[in-house]
Amino acid sequence: MRNSTFITDEDRWQAVLARDPLADEQFVFAVQTTGIFCRPSCRARHALRKNVRFYPDAHHAVQAGFRPCKRCMPDKRDPQAQKLAKVEHACRLLEQDPTLTLERLAQQVAMSPFHFHRLFKSATGMTPKAWQQAARGQRLRTALAQGDKITDAVLAAGFPDSSSYYRKANDALGMTAKQYRKGDAAVRYAISDCSLGRCLVAESERGICAILLGDSDEELAEELAAHFPKAAHAPLEEDFAQRIQQVIASIDNRDVPLALPLDIRGTAFQQRVWQALRNIPCGETASYRQVAQAIGQPSAVRAVAGACAANTLAIVIPCHRVVRNDGALSGYRWGSARKALLLKREAKRQEG
């Protein structure tokens with residue numbers, strides 16, 4: 001997709017001077033004195049402006065008689081995209097083979113273990129080992145939800161033995177395998193109206209574990225079931241009803257703080273992202289890149305977006321305050337219209 005930011009040659013020249021990576025897929029520039037064309041982000045020494053010509057892509061530059069730079073390889077796929085493709089391939093391998101070591105994994109993507117480990121952590125915000133453990137936890141949840149015996153599910157998920165699993169059960173599932181297999185019967189929920197439509201609130205023994213928004217009670221119940229397969233619908237009575245109303249009041253009016261305990265379940269990386277989101281002041285926004293920088297993982301922009309999408313505590317963990325670099329709303333688990341309404345409401349509150 002062409003970007004309207006780089007319409008004129010002067011715009012393109014400024015991008016070259018800034019070595020702007022966002023311009024790399026928009027055009028290439030060629031130097032008449034060397035006969036070479038480059039990406040705008042190329043780290044080579046800048047040529048004189050009078051010797052520079054611009055072309056929409058590598059094909060046009062080659063037709064004009066220029067040859068590609070061996071440093072930035074403008075005729076090849078974006079090097080950064082190539083690296084990310086290797087990380088994505090490694091993630092799939094880790095999800096499929098629970099016994100992969102770092103050395104074997106690096107060999108599969110044709111990199112040294114040291115450089116691969118650094119690239120993987122930079123791109124995902126997690127080490128390969130942590131990703132592997134998260135994948136094991138997901139396989140375990142799936143097996144237990146399908147009714148597999150606990151021991152069989154543990155071994156099928158890739159844990160070397162049952163004792164290895166039980167040492168990490170709480171982190172992997174947020175509960176014991178036996179509780180999870182039963183559907184975590186201690187989780188109960190209710191659905192009520194709020195200013196954003198219908199709202200499902202669920203609580204465990206630890207605290208509020210889900211706040212979901214939607215238009216259909218059936219869809220909300222199905223969404224919750226993906227996380228808590230046998231969570232029980234409970235009538236709005238006594239203390240439970242009071243807690244549900246506290247959540248609804250906090251959603252409808254951000255001046256009303258939610259003082260209830262939360263049961264926040266996620267990977268270590270997701271927990272860091274969600275804490276960063278809670279640090280964004282009401283009435284303000286941050287880009288995915290800014291959130292990545294805030295947690296000390298500036299390259300993990302995609303992983304930050306994934307953590308936002310995995311959030312199950314609407315409003316309380318304010319993933320609606322994260323926007324694209326250009327200020328556009330981007331996606332939102334519960335719909336862009338709700339996101340726009342939330343941001344408008346919070347901005348108006350700050351003005352008031």
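The protein has 15 helices and ten strands, and what you're looking at is a predicted model. Of its 352 residues, 42% count as buried. Contacts between residues 24 or more positions apart make up 56% of those with a separation of 6 or more.

- Four strands line up as an open sheet in the order 7-6-5-8, with mixed pairing.
- Strand 7 and strand 8 (232–233) sit at the edges with a single partner strand each, so one side of each has no neighbour in the sheet.
- Strand 5 and strand 8 run parallel and are joined by two bridges.
- If you want to find that pairing on screen, go to arginine 188, whose bridge partner in strand 8 is alanine 232.
- Helix 10 packs on the sheet and touches strand 5, strand 6 and strand 7; the direction of helix 10 makes about 30° with that of strand 6.
- Helix 11 also packs on the sheet, touching strand 5, strand 6 and strand 7, and its direction makes about 40° with that of strand 5.

**Nonpolar cores**

- The largest nonpolar core has 54 residues, and those with the most contacts inside it are Ile211, Leu213, Leu224, Phe269, Val273, Leu277 and Val304.
- Elements giving two or more residues to this core include strand 5 (188–194), strand 6 (197–203) and strand 7 (208–214), along with helix 10 (217–225), helix 11 (238–252) and helix 12 (268–278).
- Strand 7 gives this core its largest share, six residues.
- Which residues does isoleucine 211 contact, leaving aside its neighbours within four places in sequence? They are Cys199, Leu200, Val247, Ile251, Thr312, Leu313, Ala314, Val316 and Trp334.
- Another core lies apart from that one; it has 14 residues, among them Val16, Ala23, Val31 and Val52.

**Cysteines**

- With a cut-off of 2.5 Å between cysteine sulfur atoms, the count comes to zero disulfides.
- Cysteine 72 is in no disulfide: the nearest cysteine sulfur belongs to cysteine 42 and is 3.8 Å away.
- Cysteine 72 is buried, with a relative accessible area of 8%.
- Cysteine 308 is in no disulfide either, and the nearest cysteine sulfur, that of cysteine 319, is 6.0 Å away.
- Is cysteine 308 buried or exposed? Cysteine 308 counts as buried, at 6% relative accessibility.

Key: Residues numbered from 1 in each chain as written. Predicted model: local features only at pLDDT ≥ 70, side-chain atom pairs only at ≥ 80, totals over all residues. Heavy atoms only, no water. Core = buried A, V, L, I, M, F, W, Y, C linked by side-chain atoms within 4.5 Å. Buried < 20%, exposed > 50% of the residue type's maximum accessible area, 1.4 Å probe, protein only. Contact = heavy atoms within 4.5 Å. Pairing = 2+ DSSP bridges. Axes fitted to C-alpha atoms, helices over the stretch in contact; angles between N-to-C directions.
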